[in-house]
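Biologist: I've got this one up on my screen and want to talk through how it's put together. Let's start from the picture.

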Amino acid sequence: MSSLLLLEDDALLGETVKEFLEEEGFRVEWALDRAGFERFTGEKSFDLYLMDVKLPDGSAFELLKHLKSEFDATPAIFITSLSDGESLREGFLSGCDDYLTKPFNLEELLWRIQAILRRSKGDFRGVKIDAKRLFFPKESRLIIEGEEIVLPLKESKLLELLVESRGRVVGKEEIYDYLWPEEEPSGGALRVYVNALKKYLGEGSISNIRGVGYRFEL
C-alpha cells in the first residue's frame, strides 16, 4: 500500500481528497501547513507528496526546494490555483514531477498519482536518514556527507527494515524472518550487523529493547 502526504490548507478540499484516496487504497497523512508537513516528513517516509502551493506559512515551491536540498527524492505533485506560465515554470524548477491546477477532477488526480508511482517503482530512489545520510536500499549504498559506503547485503536489508519501521520496535522474530527467510537465524550475527550499522550511523541510532527487538532512532 502506497503512503501519501497531502499538504492542503483548505479543510474541505483536504478532507475530500484524503477520503477519496483512502477509498482507493492509499494511506494518507494530511497537513494543513508547512510546519505540520515538515513534522510528518521528519517522522516517516512517503511514496509521494501532494502539495498545495500557497500556504499560510510560506510557499510549497520553497518547501520542495528545501526538501530536495536535503536529498529527499520523494516525487511530488503540486495542486494549486496558480495556472500562469511563470508559476508552472517555477513549480517544475523546484523539483515537482507533475502540476495540477484547481479546480480538478479527483479521477484525474488518481491517474496522475498512479502514473508517477509506476515510474518511481523502477527508480533506485534514496531514502533520507538524516541531514547527513542518504540510503539507497536497492543498491545497498549508504552516502554519508558525500562519501559512499557499499553495505553487505544483510546489513543493507536490516537497515532497510529499520528505516521503514521508524517509530516502532521491530521484534527479533520479524527481523529473523526478514534476514533469514529460508535459513536458520543467528542472534550473534544480528548483533554484529547492528553494531556495524551503529559505526556508520552513530551509537544512539539503534536502540536495543532488551528481550524484544530493536528500534531505529534517527
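Biologist: Which strands does helix H3 lie across, and at what angle to S3 does it run?
Modeller: Helix H3 (residues 60–69) lies across strand S1 (3–7), strand S3 (48–52), S6 and S7. Its direction is about 150° to that of S3. Helices (H or I, at least four residues) and strands (E, at least two) are DSSP runs, numbered from the N terminus. Angles run from 0 to 180 degrees between N-to-C directions, with axes fitted to C-alpha atoms, for helices over the stretch in contact.

Biologist: Before we go on, what am I looking at?
Modeller: It's a predicted model: local features need pLDDT of at least 70, side-chain atom pairs count only at pLDDT 80 or more, and totals for chains, interfaces and linings use all residues. Residues are numbered from 1 along each chain as its sequence is written, and side-chain values use heavy atoms, leaving out hydrogens and water.

Biologist: Back to those strands, then. What's the order in that sheet, and is the pairing parallel or antiparallel?
Modeller: The order is S2-S1-S3-S6-S7, an open sheet of five strands with parallel pairing. Strand S2 (27–31) and strand S7 (98–101) are the edge strands, each pairing on one side only. Two strands pair if DSSP finds at least two bridges between them. On average, neighbouring strands in this sheet are turned by 20° against each other, direction ignored.

Biologist: How many bridges are there between S6 and S7?
Modeller: Four, in the parallel sense, with S6 covering residues 76–80. In that pairing, Ile77 stands opposite Asp98 in S7.

Biologist: And what follows S7, on the way to helix H5?
Modeller: A loop that holds Pro103, with helix H5 at 106–120. Pro103 is joined to Lys102 by a cis peptide bond, with omega about -10°.

Biologist: Where else does Lys102 turn up? I keep seeing it by Glu8.
Modeller: Lys102 is among the contacts of Glu8 (heavy atoms within 4.5 Å) once neighbours within four places in sequence are left aside. Glu8 itself sits in the loop between S1 and helix H1 (11–23).

Biologist: Is Glu8 buried or exposed?
Modeller: Buried, at 3% relative accessibility. Buried means under 20% relative accessible area, exposed over 50%, and partly exposed in between (1.4 Å probe, protein chains only).

Biologist: What about Gly58, buried or partly exposed?
Modeller: Partly exposed, with a relative accessible area of 35%. Gly58 is in strand S5 (residues 58–59). Its C-alpha atom is 9.5 Å from that of Ala35, 23 residues apart along the chain.

Biologist: Let's switch to the other sheet. Which strands are in the four-stranded one?
Modeller: S8-S9-S10-S11, in that order, as an open sheet with antiparallel pairing. Its edges are strand S8 (127–130) and strand S11 (147–150), which each pair on one side only. Neighbouring strands here are turned by 25° against each other on average, direction ignored. S8 pairs with strand S9 (residues 133–136) over three bridges in the antiparallel sense, and Asp130 stands opposite Arg133 in S9.

Biologist: Which helix packs on that sheet?
Modeller: H8, which touches S8, S9, S10 and S11 and makes about 30° with the direction of S10. In H8, the buried residues are Ala189, Leu190, Tyr193, Val194, Ala196, Leu197, Lys198 and Leu201. After H8 comes Gly202, with a positive phi near 110°.

Biologist: What's in the largest nonpolar core?
Modeller: It has 25 residues, and Ile129, Leu142, Leu158, Leu159, Ile175, Leu190 and Phe216 touch the most other members. A nonpolar core is a set of buried Ala, Val, Leu, Ile, Met, Phe, Trp, Tyr and Cys residues joined through side-chain atoms within 4.5 Å. Strand S10 (141–144), H6, helix H7 (172–179), helix H8 (187–201) and strand S14 (213–216) each give two or more residues. H8 gives the most, with six.

Biologist: Last one: where is Ser165?
Modeller: In the loop between helix H6 (153–164) and strand S12 (170–171). Ser165 counts as buried, at 5% relative accessibility.
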